[in-house]
Structure formats: structure tokens, C-alpha cells
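Please open the model in a viewer and keep the selection tool at hand.

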Amino acid sequence: MKRESLVSINDFSKEEIIDLLEKAKGFEANPNRRVLEGKVIATLFFEPSTRTRLSFETAVNRLGGRIIGFSDAATTSSSKGESLKDTIMMVSNYVDLIIMRHYLEGAARYASEVSSVPIINAGDGANQHPSQTMLDLYSIYKTQGTLENLNITMVGDLKYGRTVHSLLQAMSHFHPTFHFVAPDELKMPQEYKTFCDEHGIPYYEHTEFSEEVINEADILYMTRVQRERFTDLMEYEKVKNVYILHNSMLRNSKPNLRVLHPLPRVNEIAYDVDNNPKAYYFQQAKNGLYARQAIICKVLGIDAD
Ligand code: CP
């Protein structure tokens with residue numbers, strides 16, 4: 001793998017994460033800097049996206065770079081049978097950086113091995129979503145004033161949810177306590193619980209989404225049950241409405257609690273939560289612009305200061 005690619009959040013050390021958060025803060029203060037002038041960047045999205053693709057493209061535009069790419073692989077030669085390897089080798093002839101989302105776990109790692117330019121993983125199946133994690137960390141840091149010793153409750157689809165997998169690993173640097181709220185069908189996979197054990201991170205599993213667990217949380221990280229990850233739609237039907245956060249459930253929550261969600265939501269956060277000052281998911285998505293500006297500069301080795 002080329003040193004500069006960002007495939008997994010584990011590609012960054014704690015020091016690099018903290019440095020990126022500082023850089024994101026700088027971009028929030030001044031997002032318009034022409035440090036990518038002369039660079040061409042590709043966004044290759046083999047899976048649908050609103051926030052990730054548009055915030056990456058906004059980041060490039062605000063930094064003076066240019067964008068090529070696609071948001072629907074059906075319009076590309078992959079629909080004629082061209083392999084991912086050939087697609088990446090072709091596109092890396094044209095651009096300085098590839099930002100890719102793919103439905104297969106491991107696709108970003110594979111792309112980074114065959115590409116002649118850095119790859120940023122914008123989500124690979126149920127595996128990792130490291131740029132989301134950077135904006136999640138930035139959102140947590142901004143709202144809590146620290147990343148240390150926080151009580152983080154993850155709710156919903158913890159099996160297929162790549163954002164919770166990446167966030168869990170990143171938070172391991174900062175002494176968290178986790179609560180995992182999920183039905184049996186969507187529990188946190190064993191490999192991530194083993195990761196917690198190996199890093200001395202306490203975690204508690206719940207099937208009930210109770211006010212008791214909400215009231216202990218500093219961060220309530222809601223997730224969508226992802227229809228597209230189920231091979232058996234009957235299984236999806238069983239769990240799709242399993243947890244719904246209503247405003248009344250936040251009445252005794254901590255003053256510093258913030259509700260995060262990578263979005264899109266379906267019905268797991270009721271609209272009556274949106275006006276609660278503890279709802280932070282739209283600001284969280286906005287923070288994605290600054291976190292992604294910092295990531296792009298890092299992988300390209302550009303000092304924006
Ligand atoms: N959070 C996230 O990945 O959103 P999109 O699927 O809209 O990019």
C-alpha cells in the first residue's frame with residue numbers, strides 16, 4: 001500500500017489524528033485556500049452517497065482543485081465488465097488522487113495496491129469509513145472539549161455499520177467506555193469486541209434502548225438499519241424499526257450529551273429531536289467539509305498553512 005493512502009482509520013496514529021483535528025479547525029476558520037491549484041481529483045462512487053461525495057467535492061473546489069468522476073457506476077465501463085483493477089489503473093493515469101466508495105469490503109485496500117496515486121476510502125461495504133470517523137472525532141472534540149474518558153453509546157446496526165467500526169477503533173486512543181445497543185441480529189461483531197478487550201476498553205451490550213443507558217451517555221451515536229446490506233429482506237423487516245429516538249427520551253440526559261448520526265436517517269431519530277440543542281447531526285455533517293479538507297491535504301503532503 002502506498003504510504004499516503006487512507007484505507008483504514010488505523011492508518012493514522014494518535015498524533016496524526018490530533019494533528020488532523022487541529023488542521024480541520026484551521027479549515028473551519030478559513031476554508032477557501034487555493035492549495036490544490038493544478039491538481040485533478042477523482043471521486044469514484046460505486047455506491048450511493050450524498051454527504052461524503054458532495055463534501056469531498058466541495059472541499060476540493062474550495063481548495064482550488066478540479067474534480068472528475070462518477071456517482072453512478074452504471075454509466076461507466078464497469079457495467080460492461082471492466083474490473084476494479086483496470087478502472088483504478090486507468091483513472092490513476094489521469095489524476096493526482098482517487099476518492100472511492102465501493103460496496104465490497106477490502107475494495108479500497110485493493111485499489112490502493114494497484115493505484116499509482118493515493119486512495120481515500122470513502123466507505124467499503126460494512127468495513128471502514130475513515131473520513132467519516134475524522135469528522136465524527138472533530139464533532140466530538142468540538143462539543144465535548146476533549147476526546148478523553150467519554151461514555152459513548154452506539155445504537156442500531158452495529159453489525160454492518162462501517163462508521164461505528166471505524167469510530168470504535170479511533171476512540172481506542174482516548175480511554176472511552178462503550179455501550180452497544182443492538183438487537184441480536186445486528187450486534188457488534190466479535191472482532192471489534194476482541195479489539196476492545198485487547199485495548200482494555202470497557203464495553204456493555206444492551207438489547208433494550210432505555211433512558212437509563214441514554215442518561216449515562218456523553219455521545220449518543222445513532223445509526224440506520226441498512227436495507228442494502230441484507231441478503232434476506234425478511235431479516236431486514238424484522239429489525240428495521242427496532243429503535244427510534246424521540247425527544248422525550250432525552251429529558252434526563254446529561255447537559256453535555258450530543259446526538260450524532262452519520263446520516264442518512266430513515267426513522268431512527270424522530271423529527272421532534274431536530275430542534276433539541278443536543279441534536280448535532282446536521283452540524284456533524286457540516287464538519288465533514290473541514291475534516292475532509294484536512295485529509296486531502298495530508299494524503300497529498302500539502303501544508304495548507
Ligand atoms: N455519512 C455518509 O456516508 O453519508 P452518505 O452516504 O450520504 O455519503
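The axis of a helix is here a line fitted to C-alpha atoms over the stretch in contact, and the angle between two axes runs from 0 to 180 degrees between N-to-C directions. Please bear in mind throughout that this is a predicted model.

**Stop 1: helices α1 and α10**

Select residues 14-29, which form helix α1, and then residues 281-300, which form α10. The axes of α1 and α10 come within 8 Å and cross at roughly 120°. Angles of 65 to 115 degrees count as roughly perpendicular and those over 145 as roughly antiparallel; α1 and α10 are therefore oblique to each other. The crossing in which α1 passes α10 is right-handed.

Next, display the side chains at this contact. On the α1 side, select E16, L20, K23, A24, F27 and E28. On the α10 side, select N287, Y290, A291, Q293, A294, I295, C297 and K298. Sorted by class, the contact of α1 with α10 comprises eight nonpolar, two polar and four charged residues.

**Stop 2: helices α3 and α4**

Select residues 84-94 for helix α3 and residues 107-114 for helix α4. How far apart are the axes of these two helices, and at what angle do they pack? Their axes are 9 Å apart, and the angle is about 50°. The pair α3 and α4 is therefore oblique. Here too a right-handed crossing is found, with α3 passing α4.

To see the contact itself, colour L84, K85, I88 and M89 in α3, then A107, Y110, A111 and V114 in α4. The contact of α3 with α4 has seven nonpolar residues, one charged residue and no polar ones.

**Stop 3: helices α5 and α6**

Select residues 130-144 for α5 and residues 162-171 for α6. The axes of α5 and α6 cross at roughly 60° and come within 9 Å. That angle makes α5 oblique to α6. The crossing of α5 past α6 is right-handed.

From α5, show P130, Q132, T133, D136, L137 and I140; these meet T163, S166, L167, A170 and M171 of α6. The contact of α5 with α6 divides into six nonpolar, four polar and one charged residues.

**Stop 4: the largest pocket**

The largest pocket has a volume of about 420 Å³. It is lined by 22 residues, and those closest to its centre are R101, R162, R224, L263 and P264. Select these five to locate the pocket. The elements that give two or more residues to its lining are α2 (51-62) and α6. How does the lining of the largest pocket divide by class? It has four nonpolar, 10 polar and eight charged residues.

**Stop 5: two backbone features**

Keep L263 and P264 selected. A cis peptide bond joins L263 and P264, with omega at about 5°. P264 lies in the loop between β9 (258-260) and α10, and L263 is found in the loop between β9 and α10 as well. L263 also has a positive phi of about 65°, although it is not a glycine.

Then move to H175, in the loop between α6 and β6 (177-181). H175 is a residue other than glycine with a positive phi, near 55°.

**Stop 6: the cavities**

How many cavities of 30 Å³ or more are counted? The count comes to two.

For the largest cavity, with a volume of about 60 Å³, select its lining: V155, G156, M222, T223, R224, V225, K240, N241, V242, Y243, N267 and E268. This lining has five nonpolar, four polar and three charged residues.

By class, the lining of the second largest cavity has three nonpolar, three polar and two charged residues.

Technical notes
Residues are numbered from 1 along each chain as its sequence is written. This is a predicted model: local features need pLDDT of at least 70, side-chain atom pairs count only at pLDDT 80 or more; totals for chains, interfaces and linings use all residues. Side-chain values use heavy atoms; hydrogens and water are left out. Helices (H or I, at least four residues) and strands (E, at least two) are DSSP runs, numbered from the N terminus. Angles under 35 degrees count as roughly parallel, over 145 as roughly antiparallel, 65 to 115 as roughly perpendicular and the rest as oblique. A crossing is left-handed if the near helix is turned anticlockwise from the far one by less than a right angle, and right-handed if clockwise. Contact means heavy atoms within 4.5 Å. Ala, Val, Leu, Ile, Met, Phe, Trp, Tyr, Cys and Pro count as nonpolar, Asp, Glu, Lys and Arg as charged, and the others, Gly among them, as polar. On a 1 Å grid over the protein atoms alone, a cavity is a set of points where a 1.4 Å probe fits but cannot get out, and a pocket is an open set with protein on both sides within 12 Å along at least five of seven lines; lining residues have an atom within 4 Å of a point. Grid points are joined across faces, edges and corners, and a volume is the space filled by probe spheres set on the points.
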